[in-house]
Amino acid sequence: MLVLDMDDTLLTDDHRISEKNKSALLKAQELGVYVVLASGRPTPAMTSYAAELDLAKYDSYILAYNGAVIMRMKDESILFEQSLTKEEIHRLYDFSIEHKVHIITYINGAIISETESPYIDIEKKITGMPFAKVSHFKAAVNSSAIKCILLEDPSYLKQVEKILKAEMPDKSVATSKPYFLEVTHHGIDKAESLKRLAAKLNIRQEEIIAVGNAENDLSMVQYAGLGVWVDNVNPELRDKANAIVASNNNDGVAEVVERFILAGLT
């Protein structure tokens with residue numbers, strides 16, 4: 001199984017799958033390797049890429065929302081889903097007000113926020129999802145939702161991350177981009193969902209390659225039999241994988257396939 005983070009790993013900076021990466025991934029699947037997309041992105045922001053890689057044809061899966069959702073692409077059925085409660089989201093909103101950071105969540109296929117920000121604009125562009133600016137966040141969020149993101153300048157958000165982890169140890173907190181602090185239900189991360197999926201498919205830990213670039217990828221990169229960073233990995237994480245390949249803009253994923261899969265299967 002080859003498990004791939006999307007933004008800044010599989011995707012180029014303009015959010016495309018390069019032809020070289022695509023060709024390599026199709027070849028790997030033809031040889032019997034499961035290709036799994038694992039992203040902090042919401043499910044609707046992943047499915048077009050899954051279709052481009054023919055994941056449904058090869059009966060593969062996506063891990064969305066940092067692993068809070070596992071979807072089988074063949075029939076778009078949900079294998080696993082874990083949400084934050086309405087009360088937990090409201091508590092996160094109160095925290096965001098106290099610490100002066102933006103907060104978003106996802107309801108009925110839309111990004112929900114009470115504020116606007118250049119960082120929210122980035123999420124809108126990445127996901128392509130509709131944006132609903134609401135007058136009262138708590139009133140708009142009257143049900144559970146899978147994930148929240150706190151957004152602000154990276155240097156300040158690092159300070160906020162420490163406070164949040166201390167105040168809410170019952171949440172999973174991870175950085176996907178320096179200005180995105182992602183919050184999910186306790187125990188949710190990419191590695192935990194990867195374990196669930198691998199068990200379902202009878203794939204051993206040592207048969208898994210995971211590729212990423214950021215803090216929210218660290219758990220799966222360290223869990224996999226072979227953990228790989230692309231060259232644009234966050235500098236503080238560089239020594240925490242088994243190998244480093246070319247950057248996201250230089251077909252690093254294709255290099256993984258060629259070096260660690262095709263060389264051994266062909």
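Strand S6 (residues 102–107) has 6 of its 6 residues buried, so this strand is largely enclosed by the rest of the structure. Buried here means under 20% relative accessible area, exposed means over 50%, and partly exposed lies in between (1.4 Å probe, protein chains only). Helices (H or I, at least four residues) and strands (E, at least two) are DSSP runs, numbered from the N terminus.

The model is predicted: local features need pLDDT of at least 70 and side-chain atom pairs count only at pLDDT 80 or more, while totals for chains, interfaces and linings use all residues. Residues are numbered from 1 along each chain as its sequence is written, and side-chain values use heavy atoms, with hydrogens and water left out.

- S6 pairs with strand S9 (residues 148–151) in the antiparallel sense over 4 bridges, where two strands pair if DSSP finds at least two bridges between them.
- Threonine 105 has cysteine 148 as its bridge partner in S9.
- S6 also runs antiparallel to strand S7 (residues 110–113), joined by 4 bridges, and isoleucine 107 stands opposite alanine 110 in S7.
- The hairpin of S6 and S7 has 2 residues between the strands, and asparagine 108 takes a positive phi near 50° there.

**Helix H4**

- Helix H4 (residues 86–98) has 13 residues and reaches 19 Å from its first C-alpha to its last, close to the 18 Å expected at 1.5 Å a residue; the expected span is 1.5 Å times one less than the number of residues.
- The buried residues of H4 are Glu88, Ile89, His90, Leu92, Tyr93, Phe95 and Ser96.
- These buried residues pack against S6, helix H6 (137–140), S9, helix H7 (154–167), S10 and S11, with contact meaning heavy atoms within 4.5 Å.
- Lysine 100 follows H4 and has a positive phi, near 60°.

**Pocket and cavity**

- On a 1 Å grid over the protein atoms alone, a cavity is a set of points where a 1.4 Å probe fits but cannot get out, a pocket is an open set with protein on both sides within 12 Å along at least five of seven lines, and lining residues have an atom within 4 Å of a point.
- Grid points are joined across faces, edges and corners, and a volume is the space filled by probe spheres set on the points.
- The largest pocket has a volume of about 200 Å³ and is lined by 14 residues, of which Ser172, Val173, Ala174, Ile188 and Asp189 lie nearest its centre.
- Strands S10 (171–177) and S11 (180–185) each supply at least two residues of this pocket's lining, and S10 gives the most, with 4 residues.
- The structure holds 1 cavity of 30 Å³ or more, and the largest cavity has a volume of about 160 Å³.
- Of the 19 residues lining the largest cavity, Asp7, Gly40, Arg41, Ser176 and Glu182 lie nearest its centre.
- Helix H1 (6–10), helix H5 (118–127), S10 and S11 each give two or more residues to the lining of the largest cavity, and H5 has the largest share, 3 residues.

**Glycine 128**

- Glycine 128 lies in the loop between H5 and strand S8 (131–133) and counts as exposed, at 62% relative accessibility.
- The C-alpha atoms of glycine 128 and isoleucine 111 are separated by 9.8 Å, and the two residues are 17 residues apart along the chain.
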